Structures are given as structure tokens and as C-alpha cells.
Amino acid sequence: MATQHENYSLVSITKRVSVYPKSLRPQQLLSLSNLDRQCPTLMYLVFFYNPSHALKNLSIKTVFSSLKSSLEETLSAWYPAAGRLTLNPSDGKLELWCNNGGAILVEAVTQVQISELGDLSEYNEFYEKLVFKPSFNGNFSDMPLLVAQVTRFGCGGYSVGVGTSHSLFDGPAVFDFLRAWASNTTMIGSTGLDHQQHKPVHDRGTLLACMRSQPASAKLGKNPNSVSRVAAIDHLYLLIKQAASDWNHVSDGKLGGQKLSHMGSSNQDNYVLKTFHLNVSMIESLKRKIFGEKRGSLPCSSFEVVAAHLWKARTKALGLRKERMVCLQFAVDTRTKMVPPLPQGFSGNAYVLASIALTAGELEEESHGSLIERIKEAKNSVTTDYICAYMEALEAPQTSLPPLKELTLVSDWTRMPFHKVNFLHGEAAFVSPLVPPITQVAYFMHSPTESRSIDVRIGLLPQTLTAFSHHFLTNMQ
């Protein structure tokens, strides 16, 4: 075991280069929406490609060269990815400076074999060594928005670790970018996805116009007659108020002995990342137990069923008092929700949060079917008015949040089959997200092992892991 542990630490960087668009564009400043500005940090994905006959005779030099040239081609159309974030001197807001500053591509090798990593769907600290993490000195103009690392394993397999700034792309935009990059990679010529894609649209004009047209009275739902109350913001404030009531009264700028500015600094390392494989038969079994013979007249998506079930299971595992307020929030893509819709190929952040709030006691008593109807209603509440009011609410000063264990967050990736992004030969064996900024968020991912099955990746407190596993897997057997 000691030898294996030592091998895990041995990932050697053999090359690092800056990659620029093949066709340089004039420098320009791209205005960002408030949705883009929420999380400028890099988000990482690691693609694993098992050793194969096609890869056997390919050198790391050949793979690196192919990825580099195809990235140069891709950045010509996706030029903001070669830019840098910058602060607007007049209002201090983040903007995107398309200055051809370049992406970073790294070549690495390790003697570790992919098979030694075990179940690739389960997070492993070793994965952190398969991505390039640039140092951040506080100056956004020095920080690349796109980094990638290709690592050759001792078995002849490969990983491609990609990091993109969340201010640059949301999930669907990352997926489109990676598909475009992979389609330009021709070292083997095999295909994994239909690469017919829309030309990327980088301008945030529609969302920015939405913000400018939103009346100030609708901000944070302050107008009681406004249809654009932002449930996600309202519920979040109520959760914060509930959390604050758990602390002692404010005294000398402190809340319960903790500085207000530090309330959100909960130790994310306490969370354990766990993946639950829900195959089609498990999901169908849950649907049958919920709806019985009525299922045909009550259509619902797998997302809605699993989200409702996960919320009940997580809340029950936390063992909260019945009077505690609990909240489910999930990301809703606004691309087709707005009137007019965002242009096809929109490459920025287009997600807002929908929200449902109950007491823990009410949630326990609520049937799955009723919760699913609430989820549908929350989805349908995301209208143009809601979206504009949501972005206007984000104009308020942003502060760190207190630990909110009563908040269950879900992000649906099931329509983005990342494993089909073919950088090398064939589909990836698995694509693993690394630790997200909010560790407890649950990602619903398209499973590479079975069509329509779902891999649920979630961060759990160690003391709730056993209880959550029991409650979540119950009714799925």
C-alpha cells in the first residue's frame, strides 16, 4: 500500500504551453451579466480514457500536439476562452477582456494505472493531480479562463483534465465548447457525438437588456403586486435569518462569537463526496411506487422524481426538528424560458435557481407525488419576469453565506453526456467533476454505463452518510 500511495503522488509535468487562437481577433471588452459574475473560479472535469489498441501506439507527444492544434482552431470561434477577467474601474464589476491572452495546456505522465483508481465514479484525491491549477494572486488579469492537462497513465490510458471559469461558461456552454474542441481533434478520426453545433454567441446583450428593463420596484420582490418575486432569493434570506437566530445576539461586530464576515467559512473538507448509481430499473421502481396505475396520466421526468426523493432523504438524514424551515433549490436553464428566447449557441451563464420551502415536518408528511407537482410549479414560475428580477436582485452586495444545512441544492447534468466527448478514441470511461465551490450540491449526471440511468454525485457530512444512503436507496430496490 505504501508503494501505491507513493505512486499516486507521482504525476510529472513534462510540458506547459500557452495556446492562442489560430485566428486572432481585435481585442474587445465583453460585458457580463450578473449570472456570469457569481462564481469566477475555475470548475474542473476529468475525462478518463481506458487503454485501447488505438491508443497503444500513440505517444504523449502526439496526443499533446493534436490537442494543442485543435484547441488553437477551437479558440478562433470561442475566443473569450483565451481572454481574461477584469474589473471595471467605474463600478468594480467583473467584465471579460477578450485580449487573446491564451489558454494553458499541460502535458503530464504517471506510472499509476487507471485500474488502480478503482471505481472512477467515486471521487479520489488523486484526481486533483490530473488538472492544472494556476496560482491566483488576486489579480484577475493574470488568471487564465481555460486550462487543460493531458496525462498518460502507466497502462497506456489517458486523462484529460479541463478547468473553465464559471464566469465564462455554464454547464451547457462548457459541453458545447468541449464538443467543438473534440470535433477538431483528428488524431484518430473516430466520432462520439453528432458535432452539428450552432455557432457560439458570446454576447450577453439579451440578459443585459433584461436587467436594464427591470423596474426597481421588483427588486427582491419588494413590490407586493409584482409577479416577479424571486422565490430563490426570498427563501435564501429566510434560511439565513433562521441560521442567525441559532447564534447569540450580535455583540461587538460578532455573531455568536463568529465574525459576520466569516459566517460562510464552514469547513468544506468535512464533506464526503459520494456517487449513487441509479439504473433505469431503480428509477422506474420508484416511479411505480409513487404513482402506481396513475403514472400514465401524470407524466413526470426522472429529474423531478429523483430530486423529490433526494430532498426527503437528505432532510430525514439530517434529523432536523419538525419546525425547521428546509428548502430545495435547483438550477433552471433560461435559454428557452425567456421571451424572446436566448439565441441558439448562447455561451454564457443562463441558469437561475427555482425554489421550494417547507418545514421539515411538512416535508416528511408530503407525498412524493405532491412534491413533484411543487417542483413542476417552481420550474414554471421561471418566466422572463422572474429571470429579470433574479438578476436585478444580484445587484445587491454579495456576502459569504452561513452554513445552511437546511438548503438542498440540485444541478441537472443529465442532458449533457460529457462521457461522449471524444478527445481520444471512443467514449470516456467516466467524467468526474472535482470538488465544487458548494460541496453539498447534488449533480445528476448522465451515466456512461446505461442509457437513461443517472449518477448522483453529492457532498454529505460524514455523520449523515449512512442514514442518507439508507433513506435514498429505500424504495428503489
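Colleague: Is His471 buried, partly exposed or exposed, and how should I read that from a relative accessible area?

Modeller: Buried is the word for a residue under 20% relative accessible area, exposed for one over 50%, and partly exposed for what falls in between. In this predicted model, His471 has a relative accessible area of 22%, so it counts as partly exposed.

Colleague: Where is His471 placed, and which residues does His471 touch when those up to four places away in sequence are not counted?

Modeller: His471 sits in helix 12, which covers residues 465–473, and on that way of counting it touches His309, Ala313, Lys316 and Ala317. Take Lys316 as an example of how sequence and space can be read side by side: His471 and Lys316 are 155 residues apart in sequence, yet 7.6 Å apart in space, C-alpha to C-alpha.

Colleague: What share of the contacts in the protein chain, among residues at least 6 apart in sequence, join residues at least 24 apart?

Modeller: In the protein chain, that share is 80%. The chain has 477 residues, 53% of which count as buried, and its secondary structure consists of 12 helices and 18 strands.

Colleague: What is the relative accessible area of Val456, and which residues is Val456 in contact with beyond its neighbours within four places in sequence?

Modeller: Val456, which belongs to strand 18 (residues 454–460), is buried, because its relative accessible area is 0%. Trp413 is 43 residues from Val456 in sequence, and their C-alpha atoms are 9.8 Å apart.

Colleague: Is Glu406 buried or exposed, and where does Glu406 lie?

Modeller: Glu406 has a relative accessibility of 5%, so it counts as buried, and it lies in the loop between helix 11 (384–393) and strand 15. With neighbours within four places in sequence left aside, Glu406 is in contact with several residues, including Arg314, Arg324, Met325, Val326 and Cys327.

Colleague: How many salt bridges does a search of the whole structure find, and how do I read one of them?

Modeller: The general idea is that side chains of opposite charge can pair when their charged atoms come close. The search finds 19 salt bridges in the whole structure, and one of them joins the side chains of Arg37 and Glu95, at 3.2 Å from N to O. Arg37 is in the loop between strand 2 (28–30) and strand 3 (42–49), while Glu95 is in strand 5 (residues 94–98), so this pair ties together parts that are 58 residues apart in sequence. Arg37 counts as buried because its relative accessibility is 16%, and Glu95 counts as buried at 6%.

Colleague: Where does the second largest pocket lie, and why?

Modeller: Domain 1 (11–189 + 197–202) and domain 2 (225–241 + 268–475) both give residues to the lining of the second largest pocket, so it lies between them. This pocket has a volume of about 1200 Å³ and is lined by 42 residues, of which Pro172, Asp333, Tyr351, Asp412 and Arg415 lie nearest its centre. By class, its lining has 17 nonpolar, 12 polar and 13 charged residues.

Colleague: How many cavities of 30 Å³ or more are found, and what lines the largest cavity?

Modeller: The search of the whole structure finds five such cavities, and the largest cavity has a volume of about 100 Å³. Its lining includes Leu45, Trp413, Phe418, His419 and Met445, and divides into eight nonpolar, two polar and no charged residues. The second largest cavity, of about 70 Å³, takes the largest share of its lining, three residues, from helix 8, and its lining residues divide into six nonpolar, two polar and one charged.

Notes. Residues are numbered from 1 along each chain as its sequence is written. Side-chain values use heavy atoms; hydrogens and water are left out. On a 1 Å grid over the protein atoms alone, a cavity is a set of points where a 1.4 Å probe fits but cannot get out, and a pocket is an open set with protein on both sides within 12 Å along at least five of seven lines; lining residues have an atom within 4 Å of a point. Grid points are joined across faces, edges and corners, and a volume is the space filled by probe spheres set on the points. Ala, Val, Leu, Ile, Met, Phe, Trp, Tyr, Cys and Pro count as nonpolar, Asp, Glu, Lys and Arg as charged, and the others, Gly among them, as polar. Domain bounds come from an automatic or database domain assignment. Helices (H or I, at least four residues) and strands (E, at least two) are DSSP runs, numbered from the N terminus. Buried means under 20% relative accessible area, exposed over 50%, partly exposed in between (1.4 Å probe, protein chains only). Contact means heavy atoms within 4.5 Å. A salt bridge is a side-chain nitrogen of Lys or Arg within 4 Å of a carboxyl oxygen of Asp or Glu.
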